[in-house]
Amino acid sequence: MTDRQQGMVQAYGYPETKNTTQIVSRAVAAAAANSHHSSRKAGRGSKRYSVSAFYSMAAEQDNEVEDELAQAQRDLRDLKSKISAQSKKNFVLERDVRYLDSRIALLIQNRIALAEQHEMASRLEEQGAGSDDFYPDDRKMQLYGNLFFILQSEPRHIATLCRLVNLSEIDPLLQTVMFTLYGNQYESREEHLLLTMFQNVLAAQFETATEFGSLLRANTPVSRMMTTYTRRGPGQSYLKSVLTEKIQNLVEHKELNLEINPLKVYEQMIAQAEQDNGGQLPPHLPRSVTAEIAAANPDVQAIIEPRIKMLMEIAESFLTTIISSTASVPYGIRWICKQIRSLTKRKNPNASELSVCSMIGGFFFLRFINPAIVTPRAYMLLDTAPGKHLRRTLTLIAKTLQNLANKPSYAKEAYMLPTNPFVDANKQRINKFLNELCEVSDFYETLEMDQYMALSKKNIELSITLNEIYNTHALVQQHLDIIAPKEKDHIRILLAEIGPIPPQVSRKENKTIELPLFSRWEIPIQDLTMALMSENNITQNDILYMETKAIYVQLIRSLPHLAHSGLPLDLDYIAETAATAKDAQLVRKGIKVRDMLRDLEDAGVIDHRDHYKLLVEEITQELTHLGNLKEKVLNEIQSLESVYKTILDHNTYLRSQLESYKAYLQNVRIQSGGEKQTKNSVGIGVEVEGKAKKQHRNPAQAFKFSHHQLEKDGVIVESSVPESRRPNIFFSITSPLPGTFIIAMHFKGREKAILEMDLKLDDLLEKQQDNVELLDLEYVRLNVSKILHVLNKTFVTRNK
């Protein structure tokens, strides 16, 4: 029996070690324990279900089989790994951009001190190679590896931290939790552990809550954590597939104005009347009125009425699309909804259906759907920020959906009251959808098996930065009495052995390391046969049967011609063909499965006289499942490739923003005398000559770009230059002073420029912050973000 288990493990591609048998033993014992546990707890469970699932899993993830499915699965795993890694990079960049957005705005208005400029500069330091002195030594690496294994595999500790930290500490912790500790967003064990952590956090949040209504709406570390979870790969993929088309359809109607706030409509009406009458207003239209007077104005009412109708039609369209996407909502999002429903009913057993659904909607719409609708650029649903009218339309749609998912209150926004008929008409529909979201199975059986598998692996590693290690160490130490109150708690023992908390290193020294994870206090699982037989009455023949089926599936995947279309499988012929093949692995499997077939027949489990009918049927079903799986894998690859490209594009956009901020900050500091000009502080427009850098009022070099090149790169959005003349048009860009640019448009052969425009970096950054998309140069209109990117690339990157 032991030999068969060892052969089984090797056949599945696990490394052969002294503990090889334990890999299967642990997984099968875990499956047996899970089956027993679930039978007692939930009154369900087949004695072979979990074990059979394990063998199917091994068959699907076989490293030795080389067929199209195996290749597709490898490609999918690689793609998911890339998305997870890139998501973390984007999270870090978004955090920097969020911080710098507000600070740059003040800097532009000269309201920020030089000391703060230095602080901002430190946020923009490039990562680079640093000294090895910052690395933990081998002993500390082992201790940290053990600590992070405990933190990862026992999520209650992280849950406690997330509840205890304040808002200023939450972002670094979320980076570690969401994108490092459980950063493999598509790996079931890490995802399930993360969800278990959420369950702990939510349970404590509900337990201590005093205000039931605002439980998930307040801006707390827990709510920030839930929002961050929705930004991971699966959530981003869902939002892109469900919302992108709807939002892009609205982009096509740039001038569509659906403002329904009477006061704002009145102000817009006044502005238009002023423009039409040469700055004069009719006597019956005073400039400043109250909201009540504006709402009573007949002209305002006439403008608003059709807008409300159209707004509700668009909201209905969004709602229908969202409701029809139930099956596409990521499992983790649905599972959190399920926990919210369960905890709400436990907290308040008399809560109405409306109250329960309001709590679920508070998470699903307020934390997941609506932020993507309101800020589609940040959620990578649009390439550019929406214009003024579209931005307001999207906000109104989000408000309407939010009122639909919650108990609407129009006290602060009375102008939304006319949308109430839409809310009333769809209330039952949305509640049904929110309840359906909660109808997902639990994962505890799978997780326990995955945990046993993880214990048996020797190559679990965490890609983590030094500052993530040290910051987590500091937070755990700070709250140690709550996380590990007992003297013999493993975390307390480890922190005592690690010693003092290392200080945070600079960004330059904050390198990523591969931290091996392992369990120092592993409890070995006892004899496999005893565990199976005592807990579940699973016999050696049950295990032998499932091993045989799994190896036959592998042989047919390796030799697909053996499965004749339309004919039952000939198991004797398949085993003999494999046993006489040229490939040594196939020979070994063929001989082994032939012996296993004979043993099963001797035990009376199968019969050659009916051509092993039961076994053939199950193998055929497994192959059908794998065939369908291949199609699903290929479809998933296609979908995720689009997500990965979007994430990369967003990364480029974020880097472009940081480049703009960096260039502006350097220029301000140079001009104010707050920084000496060094290699790493070259401002835009500062030319480089050898080692010395001089500011030239007459630039030494003009950079030239053809009309075609700028059009191709998306810099030129609109052009009134005739098509026939565009090949002869080029643009030159010079920078006579830091932060100042001259863009000149030339016609080949003519010495004098057709037009010149003087640009300031301040103005461009202000336009970008105000979501002004286009810059008018008379003959052409330029994309603000992309011309900023060109200026950075041309005048900063070249000068480094």
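1. In strand 7, F730 is the bridge partner of S706. Strands, like helices, are DSSP runs numbered from the N terminus (strands: E, at least two residues; helices: H or I, at least four). F703 stands opposite I733, again in strand 7. Strand 5 and strand 7 (residues 729–737) pair in the antiparallel sense over four bridges; two strands count as paired if DSSP finds at least two bridges between them.

2. The model is predicted: local features need pLDDT of at least 70 and side-chain atom pairs count only at pLDDT 80 or more, while totals for chains, interfaces and linings use all residues. Residues are numbered from 1 along each chain as its sequence is written, and side-chain values use heavy atoms, with hydrogens and water left out.

3. Axes here are lines fitted to C-alpha atoms, for helices over the stretch in contact, and angles run from 0 to 180 degrees between N-to-C directions.

4. Strand 7 and strand 8 pair in the antiparallel sense over seven bridges. The bridge partner of L737 is T740, in strand 8. The hairpin of these two strands has two residues between them, and in this hairpin G739 takes a positive phi near 80°. Strand 7 is mostly covered, with eight of its nine residues buried. Buried means under 20% relative accessible area, exposed means over 50%, and partly exposed lies in between (1.4 Å probe, protein chains only).

5. A further open sheet has three strands in the order 6-11-10, and the pairing is antiparallel. Strand 6 (716–719) and strand 10 (774–776) are its edge strands, each pairing on one side only. From one strand to the next, the twist averages 25°. Strand 10 and strand 11 (residues 780–783) pair in the antiparallel sense over three bridges, and L782 in strand 11 is the bridge partner of L775.

6. The structure holds 21 salt bridges, a salt bridge being a side-chain nitrogen of Lys or Arg within 4 Å of a carboxyl oxygen of Asp or Glu. One of them joins R231 and E94, with the closest N and O atoms 3.2 Å apart. R231 lies in the loop between helix 10 (221–230) and helix 11 (233–251), and E94 in helix 4 (residues 68–108), so this pair ties together parts that are 137 residues apart in sequence. E94 is buried, at a relative accessible area of 17%.

7. E316 and R429 also meet through their side chains in a salt bridge (2.9 Å, N to O). Because E316 lies in helix 14 (residues 298–323) and R429 in helix 18 (residues 420–437), the pair ties together parts that are 113 residues apart in sequence. E316 counts as partly exposed at 28% relative accessibility, and R429 counts as partly exposed at 30%.

8. K432 and E436 are four residues apart in helix 18, which means a separation of about one helical turn. K432 counts as exposed at 52% relative accessibility, whereas E436 counts as partly exposed at 31%. Elsewhere, salt bridges that share partners join E711, E723 and R726 into one network.

9. The length of helix 17 (residues 388–405) was checked. At 1.5 Å a residue its 18 residues should span 26 Å, and its end C-alpha atoms are 26 Å apart, which agrees; the expected span is 1.5 Å times one less than the number of residues. Helix 17 is mostly covered, with 13 of its 18 residues buried.

10. R156 is found in helix 7 (residues 156–164). R156 is partly exposed, with a relative accessible area of 46%. R156 and L194 are 38 residues apart in sequence, and their C-alpha atoms are 9.9 Å apart in space.
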